[in-house]
Amino acid sequence: MTHAAFLVIAALAVASALGLVLRRNAIHGALFLVVNLGSVAALYLTLGAEFLAAVQVIVYAGAIMVLFVFAIMVLIPGKEETGLDPRRGWRLLALPVGALLALQLLLVVRAGVGPVAPAAAVPGGVEAVARLLFTRYLLPFELTSVLLLAAMVGVLLLARRRV
Amino acid sequence: MVAESWYVALSAVLFSIGVVGVVVRRNPLVMFMSIELMLNAANLAFVAFGRRAGNADGQIAVFFVMAVAAAEVAVGLAIIVTVFRLRRRLSVDDLSLMRW
């Protein structure tokens, strides 16, 4: 049962990732990416990471993708990838190279993850995450707020109209 | 319970698709979305390894990756919008120089 669920969600994730790469229209690509992020959130649920599944839906599929769709709308897409590709041969070379990369990564996974029995108790859930976040990882957590503030100031500086 | 190696294998496949997407596409927005795909694949591997290790440290790493990704998307999209405003075109082949 869990295997079947995993296979269905994994197939959905791979298909939507391929849709993002293969579809010419950028807005279709954004919607495919939303599907992909949602299926990865479902996989987080099957791994017992409920907090991350919620954050994935809210932050990634919500906030970040809205920003992407907004940028696509502003920038009038669809005109830059029509017409003849001057470097078509080089770009098509990426397909065998990417397949080779996937093969290598899969071989590494096969070689590296042996049939070790997993640890018995898995402290998942919000409580374990919160406990770690506010004790051992408190300093990085606070530094994250500085990073977000710096990003906000940088975006304001970049996006202002030059007079 | 599905073994962690399946999750890591799926993560490898998604990461490779993201790499191909960055290379084959000409629209910087789609390239950017492919980068998000790669980050997401790495996150999946983090969570899977965290469950294998039996602690929640992997989930903490994913949390920080998400925060950095949010900042990165904001700055990157601002850069793309600025470049588009200056060039009126949006193909990465036109952007071979880092100055104008």
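Analyst: The radius of gyration is taken here over C-alpha atoms, and the globule rule is 2.2 Å times the number of residues to the power 0.38. In this predicted model, local features need pLDDT of at least 70, side-chain atom pairs count only at pLDDT 80 or more, and totals for chains, interfaces and linings use all residues. Residues are numbered from 1 along each chain, chains are lettered from A in the order in which they are written, and side-chain values use heavy atoms, without hydrogens and water.

User: What radius of gyration does chain B have?

Analyst: Chain B has 17 Å, whereas a compact globule of 100 residues would have a value near 13 Å. The C-alpha trace of chain B spans about 55 × 25 × 15 Å along its principal axes.

User: How is the size of an interface often given?

Analyst: It is often given as the accessible area lost when the parts come together. Buried area is that loss (1.4 Å probe), summed over both parts. Chain B and chain A bury about 6,900 Å² between them, with 74% of it on carbon and sulfur atoms. In chain B, the residues that lose the most area to chain A are B:Arg26, B:Met33 and B:Met66, together 11% of what that side buries.

User: Which residues form a salt bridge?

Analyst: A salt bridge is a side-chain nitrogen of Lys or Arg within 4 Å of a carboxyl oxygen of Asp or Glu. The rule finds one across the interface of chain B and chain A. A:Arg136 pairs with B:Asp57, and their closest N and O atoms are 2.8 Å apart.

Methods
Buried area is the accessible area (1.4 Å probe) that two parts lose on being put together, summed over both.
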